[in-house]
Amino acid sequence: MNNKDLVLKATGELFGHKDPSAVDRCVSPTYKQHSALAADGPEALRELVDSLSADFRYEGVRVIADGDLVALHGVYHGLGPTALVAFDIFRVENGKLAEHWDALVPVVEDTVSGRSQTDGPTQVGDLEITEANRELVAEYAEKVLKGADYSASTDYTSAETYHQHNPEAGDGLDGFGVAAAKWAEQGKNVVYKTIHKVIAEGDFVLVQAEGEFGEPVVYYDLFRLADGKIVEHWDVIQAIPAELPHGNGLF
């Protein structure tokens, strides 16, 4: 079983069947937690699974595997009063879930682009150019996102096709520019300080970063590429809590 299948099987048992005993089969005894929703270790995960309500369900949309890391993009229902769009990253070690990171934000029904936070292509393609896509997005993240050199955006992003899934931004580079100006007026400048992870498989690349958006935040940005350019974008921007139920941080 490859790491992608292993994570899907494990999360299916934990969050699909809501089976706490799956912790014994699927989770490392040294499981390290970075989520703001749970304490560290396998027993805290067991307690979380055991506490899930009858109406809880997870709707998976995308899966990206990169070495020992597997990233999930989907929607949690029943964790709170509203559905939550989430990115989850699991690290696999010796055939078990060994570490977990995530970020979640509420589902927004009325988006500027008319696209939802999760719709669009889901199947990974272009596996043979994974490393080229990783390199392009890593450079984009450092130069444009972290370096704030937006004049270089068209070196990495298609000027013809840029489908936007951030609920407050329209399609295209102009759509993002309008949104960024509005955010700035609200005191929410888009600031990327540290790029923590770049996870790539085929035409999908996920960036996990730390920065500010009016307050300290974690950024998860998922990009789809075609013909050497970024053509689609999904994201989750979550505030970094002042306190966490563990000492591992969100990164």
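A residue is called buried when its relative accessible area is under 20%, exposed when that area is over 50%, and partly exposed in between, with a 1.4 Å probe and protein chains only. The structure described here is a predicted model, in which local features need pLDDT of at least 70 and side-chain atom pairs count only at pLDDT 80 or more, while totals for chains, interfaces and linings use all residues. Residues are numbered from 1 along each chain as its sequence is written, and side-chain values use heavy atoms, with hydrogens and water left out.

Helices (H or I, at least four residues) and strands (E, at least two) are DSSP runs numbered from the N terminus, and two strands are taken to pair if DSSP finds at least two bridges between them. Strand β2, residues 57–66, and strand β3, residues 69–77, pair in the antiparallel sense over 9 bridges. Within this pairing, Tyr 58 has Tyr 76 of β3 as its bridge partner. The hairpin of β2 and β3 has 2 residues between the strands, and Gly 67 takes a positive phi near 65° there. Asp 66 has its place in strand β2, and with a relative accessible area of 17% Asp 66 is buried. When residues up to four places away in sequence are not counted, Asp 66 touches Arg 134, Val 198, Ile 199 and Ala 200, where contact means heavy atoms within 4.5 Å.

Arg 134 is also among the buried residues of helix α4, which include Thr 130, Asn 133, Leu 136, Val 137 and Tyr 140. Helix α4 spans residues 130–146, and its 17 residues reach 22 Å from the first C-alpha to the last, close to the 24 Å expected at 1.5 Å a residue; the expected span is 1.5 Å times one less than the number of residues. A kink of about 30° is centred on Tyr 140 in α4, the bend at a residue being the angle between axes fitted to the seven residues ending there and the seven starting there. The buried residues of α4 pack against β2, β7 (191–201), β8 (204–212), β9 (216–226) and β10 (229–239). Just after α4, a positive phi of about 60° is found at Ala 148.

An open sheet of 5 strands has the order β6-β10-β9-β8-β7, and its pairing is mixed. Its edge strands are β6 (163–164) and β7, each of which pairs on one side only. Strands β9 and β10 pair in the antiparallel sense over 10 bridges, and Asp 221 stands opposite Asp 235 in β10. In the loop between β9 and β10 lies Asp 227, a residue other than glycine with a positive phi near 55°; Asp 227 is exposed, with a relative accessible area of 83%. A positive phi near 55° is likewise found at Asn 94, in the loop between β4 (84–93) and β5 (96–106), and Asn 94 is exposed at a relative accessible area of 76%.

Aromatic rings were considered next. Rings of Phe, Tyr and Trp (its six-membered ring) pair if their centres lie within 6.5 Å, and planes under 30 degrees apart count as stacked, over 60 as edge-to-face and the rest as tilted. By this rule the count comes to 11 aromatic pairs. The rings of Phe 15 and Phe 56 have centres 6.4 Å apart and planes at 55°, so this pair is tilted. Because Phe 15 lies in helix α1 (residues 3–16) and Phe 56 in the loop between α3 (42–50) and β2, the pair ties together parts that are 41 residues apart in sequence. Both Phe 15 and Phe 56 are buried. The rings of Tyr 192 and Tyr 219, by contrast, have centres 4.0 Å apart and planes at 15°, so that pair is stacked. This pair links distant parts of the chain, with Tyr 192 in strand β7 and Tyr 219 in strand β9, 27 residues apart. Tyr 192 counts as buried at 7% relative accessibility, and Tyr 219 is buried with a relative accessible area of 2%. Phe 15, Phe 56, Tyr 58 and Tyr 76 form one aromatic cluster.

Asp 126 is found in the loop between β5 and α4 and, at 34% relative accessibility, counts as partly exposed. The C-alpha atoms of Asp 126 and Ala 226 are separated by 8.8 Å, although these residues are 100 residues apart along the chain.
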